[in-house]
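This report looks at the surroundings of a ligand and at a few residues of interest. The sequence and structure come before the discussion.

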Amino acid sequence: MSSPAPGDTTTPVDPAPLVSAPFDAVLFLSFGGPDGPDDVMPFLENVTRGRGIPRERLESVAEHYLHFGGVSPINRLNLEMIDALRDELGRRGMDLPVYFGNRNWHPMVEDTLAEMYTAGHRRILVFPTSAWGGYSGCRQYHEDIDRALTALAGREPGSGRSDGAVVLRKLPQYWSHPAFVAAGADAVRRAMDTLGPGDETPRLVFTAHSVPSSADAASGPATDGGGLYSRQVMAASRAVADELGVTDFDQVWQSRSGPPQIPWLEPDICDHLESLAAEGVRRVVVYPVGFISDHLEVIWDLDNEAAEVAERLGMDYARADTVGPDPRFISMIGDFVEAYAGGNGDLAAMGCGDNGRTCRDRCCVPAARPRK
Ligand SMILES: CC1=C(CCC(=O)O)c2cc3nc(cc4[nH]c(cc5[nH]c(cc1n2)c(C)c5CCC(=O)O)c(CCC(=O)O)c4C)C(CCC(=O)O)=C3C
Ligand SMILES: [Fe+2]
């Protein structure tokens, strides 16, 4: 978490939100996922609205969800983290209630914000379930906040953001937080243990969600040369490997979508397993450092697809748990809430911003999307 580079202009913030008044509630903001078979297509349409994802890709992703009865584990996993966070805040004597809202499925963030407003909350800390910078990992969560505020202004005259009547402050990116790194390292240790002893140390492979190469190139402050997301993922992977004393590791990508002619970050985990097998590697541990819960992208793309490839290649394969349920991760969220609740948290931290404003000027701008 760095402060702005010299010469970098921080986006001006409305004067009112800068007032260092205390915050009175937490909004746990996530991606959302379907809760049953009838939700799957409407959910996918929400995710991909205007994004040029081919119909065939949607249909095959729908099948992944239907394979699990149309239910993504993401909502249940988020609710478990929220319960743990409530306990954590309670232990610290902090009485901020924790609400749950999503970008793409119920409870939708627009409805949650309306509920929070009705309950009297006006200064809200937002914890996003993404650790990263970049358009999908950071700016899109600011957009969710912006959309929810616009919807609120429509429902509740006088709730406008410009007069500072409502402040939603997004908490910073946490990919480099020691708790995130330590919990990840322990998850890798446990996965190594499940493989048991062998005559070869397993190769450690980190994965994160691929994004279009153009989106990665546009990630970070405009003055920073781009590639913020991929640099963060590599740095987080290296930090976990360092903690384990592992020097030989790979960092690859998973879950790409979009038409094949558009370049996305590569290599894909399944292709990478083929390359490793060709090199003679026989044992692999995969850690999805890019996600904080074992949601569908993890259990389908890694536990099904990649595991199948590994089996066909005759490799021993284990997938490490994501950090979500680790008490250190929940305690990290507690630390953020405690640091920001009084109103004096570090507003210059990367990813932090009020009412949908990004932390830096022209930061993580959406890349031009291909027209179909
Ligand atoms: C960087 C990143 C994260 C990590 C940061 C974060 O966690 O926020 C993330 C998380 C997630 N992505 C998820 C699901 C999906 N992502 C899709 C599509 C896309 N993701 C993208 C990027 C990311 N995605 C991008 C550039 C697209 C292309 C379309 C677009 O530009 O928007 C699609 C459409 C179909 C497909 O093509 O796969 C689905 C269904 C779920 C929920 C899983 C569940 O339900 O359990 C989660 C947590
Ligand atoms: Fe995604």
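Helices, as the word is used here, are DSSP runs of H or I with at least four residues, numbered from the N terminus. Tyr-141 lies in one of them, helix H6, and the model in which it is placed is a predicted one.

Around ligand 1 there are 26 residues, and the closest are Gly-33, Ser-72, Ser-257, His-295 and Leu-296. Two or more residues of this shell come from each of helix H2 (40–48), helix H3 (55–67), helix H6 (135–155) and helix H11 (296–312), with H2 giving the most, namely three residues. Sorted by class, the shell around ligand 1 comprises ten nonpolar, 13 polar and three charged residues. Because domain 1 (15–174 + 327–354) and domain 2 (178–319) both give residues to that shell, ligand 1 lies between them.

An unreviewed UniProt entry places the feature "binding site" at Ser-72 and Tyr-141. Ser-72 is found in the loop between H3 and helix H4 (74–91), and, leaving aside neighbours within four places in sequence, Ser-72 is in contact with Gly-33, Pro-34, Tyr-65, His-295 and Leu-296.

| Residue | Other C-beta atoms within 10 Å | Class |
|---|---|---|
| Ser-72 | 24 C-beta atoms | buried |
| Glu-143 | 15 C-beta atoms | partly exposed |

Glu-143 also lies in helix H6, and although Glu-143 and Arg-357 are 214 residues apart in sequence, they are 8.3 Å apart in space, C-alpha to C-alpha.

Terms used: Residues are numbered from 1 along each chain as its sequence is written. Chains are lettered from A and ligands numbered from 1 in the order in which they are written. This is a predicted model: local features need pLDDT of at least 70, side-chain atom pairs count only at pLDDT 80 or more; totals for chains, interfaces and linings use all residues. A residue is near a molecule or strand if its C-beta atom, placed from the backbone, lies within 6 Å of it. Ala, Val, Leu, Ile, Met, Phe, Trp, Tyr, Cys and Pro count as nonpolar, Asp, Glu, Lys and Arg as charged, and the others, Gly among them, as polar. Domain bounds come from an automatic or database domain assignment. A residue is buried if 20 or more other C-beta atoms lie within 10 Å of its own, exposed if 12 or fewer, and partly exposed in between; C-beta atoms are placed from the backbone. UniProt positions are given in the numbering used here, feature names are shortened, and annotations may be inferred rather than shown by experiment. Two residues are in contact if their C-beta atoms, placed from the backbone, lie within 7 Å.
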